[in-house]
Amino acid sequence: MLQIPSPWVAGPVPATAVARMQLAASWQRCEGDYALDPAQSGLTDLLSCFELRQSCDEAGPLLRFADAELDRLHVIVRDMEYAVLLADRAGTVLTRRTVRDSERGCRRWHLWPGARWNEREEGTNGIGTCLAERRPVTVHMNQHWRMNLRYLTCTAVPVYDALGRLAGALDASSYHPDPDARDVALIRNTITEAARRIEARCFSDLYRGHMIVTMGADDGTSAPLLALDADRRVVGATHAARREMGLEDGDELEFCLMDERGPGRDGFRVAEKAVVEAALASARGNVSAAARQLGISRSTLHRKIKTLAIDAES
């Protein structure tokens with residue numbers, strides 16, 4: 001049995017009920033690993049201006065590439081009384097977008113720069129749990145571990161940097177939420193798309209001048225992009241692309257997908273197919289021109305097309 005801090009549920013609730021909320025692991029961490037008292041108020045003090053500036057400096061280019069997306073997001077959600085927040089990988093809010101009339105409330109509820117939404121300190125919450133589990137998370141009202149946060153609704157998605165590493169979380173939160181959470185699906189889809197665009201901008205900037213290839217469908221929160229140098233060696237890959245190829249974020253790259261002796265794993269075949277299709281599209285289906293782009297012979301490219309089941313004409 002797991003004690004659930006809820007203004008609507010009295011007494012213990014079976015663990016299966018928590019699992020249905022998709023937050024069971026987080027609640028178990030709060031109770032077991034962190035030993036947090038749900039009745040105790042959280043919300044640690046905001047960082048000082050100096051500490052916040054340090055956190056912003058450590059975030060690197062993330063803030064610069066997120067600015068336009070934060071503005072765009074806020075235009076979409078402001079009429080639903082949501083604040084838009086960007087946090088770093090430690091859960092510290094770096095910047096926000098709020099309407100002027102809600103600033104006092106946002107500061108009171110720590111939807112504000114300098115707030116620390118680490119799960120270990122604040123319990124189950126949008127930003128902290130998203131970072132702990134590296135997946136999109138919605139924590140609606142009494143799904144928060146701490147009882148004093150039950151008036152909030154928070155939806156957060158992870159944001160990855162150009163090297164595939166977790167960089168932070170993009171969040172939309174409200175202290176005047178719809179009790180039925182009817183706007184959650186729209187909010188989640190909107191901030192997920194924004195997070196992908198932020199990652200893509202960071203990636204394109206770091207690998208400016210390289211050939212950028214989209215590698216199939218994205219995994220929900222990360223754009224599957226590859227960067228190739230002039231010799232068509234893969235020198236950069238986003239989080240989703242690395243996962244598709246079975247690589248960890250820190251794994252060495254700089255391998256040539258066109259090498260006949262290259263890795264034979266399915267993920268590499270998907271990457272190779274994306275590169276070949278991109279070259280054919282750039283050459284408007286001309287196999288000879290595409291082969292020159294890829295630095296391989298025409299016969300090799302024909303063999304690749306057949307092996308990878310590519311429709312060269314389309």
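**Contacts, burial and strand pairing in a predicted model**

Author: T129 touches L23, S26, R29, E119, G123, T124, R134 and V137, where residues up to four places away in sequence are not counted. Contact here means heavy atoms within 4.5 Å. The model is predicted: local features need pLDDT of at least 70, side-chain atom pairs count only at pLDDT 80 or more, and totals for chains, interfaces and linings use all residues. Residues are numbered from 1 along each chain as its sequence is written, and side-chain values use heavy atoms, with hydrogens and water left out.

Reader: Where is the place of T129, and why is T129 called buried?

Author: T129 is in helix α7 (residues 126–133). Helices (H or I, at least four residues) and strands (E, at least two) are DSSP runs, numbered from the N terminus. Buried means under 20% relative accessible area, exposed over 50%, and partly exposed in between (1.4 Å probe, protein chains only). T129 has a relative accessible area of 0%, and is therefore buried.

Reader: What makes the link between the side chains of T129 and S26 a polar contact?

Author: The side chains of T129 and S26 are joined at 3.4 Å. A polar contact is a pair of N or O atoms within 3.5 Å; within protein, one must be able to donate a hydrogen and the other to accept it, and residues adjacent in sequence count only if both atoms are side-chain atoms.

Reader: How many disulfides does the structure hold?

Author: The structure holds 0 disulfides, a disulfide being a pair of cysteine sulfur atoms within 2.5 Å. C30 is buried at 0% relative accessible area, and C130 is buried at 0%.

Reader: How do you know that β4 and β5 pair?

Author: Two strands pair if DSSP finds at least two bridges between them. Strand β4 (residues 153–160) and β5 have 8 bridges in the antiparallel sense, and A156 stands opposite D171 in β5. The two strands form a hairpin with 5 residues between them, and G164 in the turn has a positive phi of about 85 degrees. Strand β1 (residues 83–88) and β5 also pair in the antiparallel sense, over 6 bridges, with L86 opposite L170 in β5.

Reader: Why is strand β5 described as largely enclosed?

Author: In strand β5 (residues 166–174), 9 of the 9 residues are buried, so the strand is largely enclosed by the rest of the structure.

Reader: What is the order of the strands in the open sheet, and what makes β2 and β3 its edges?

Author: The open sheet of 5 strands has the order β2-β1-β5-β4-β3, with antiparallel pairing. Strands β2 (93–97) and β3 (137–140) each have a single partner strand, so one side of each is left without a neighbour in the sheet. The twist averages 20 degrees from one strand to the next.

Reader: Why is the ring pair of F203 and Y207 classified as it is?

Author: Rings of Phe, Tyr and Trp (its six-membered ring) pair if their centres lie within 6.5 Å; planes under 30 degrees apart count as stacked, over 60 as edge-to-face and the rest as tilted. By this rule there are 3 aromatic pairs. The rings of F203 and Y207 have centres 4.8 Å apart and planes at 50 degrees, so the pair is tilted. Both F203 and Y207 are buried.

Conventions:
Axes are lines fitted to C-alpha atoms, for helices over the stretch in contact, and angles run from 0 to 180 degrees between N-to-C directions.
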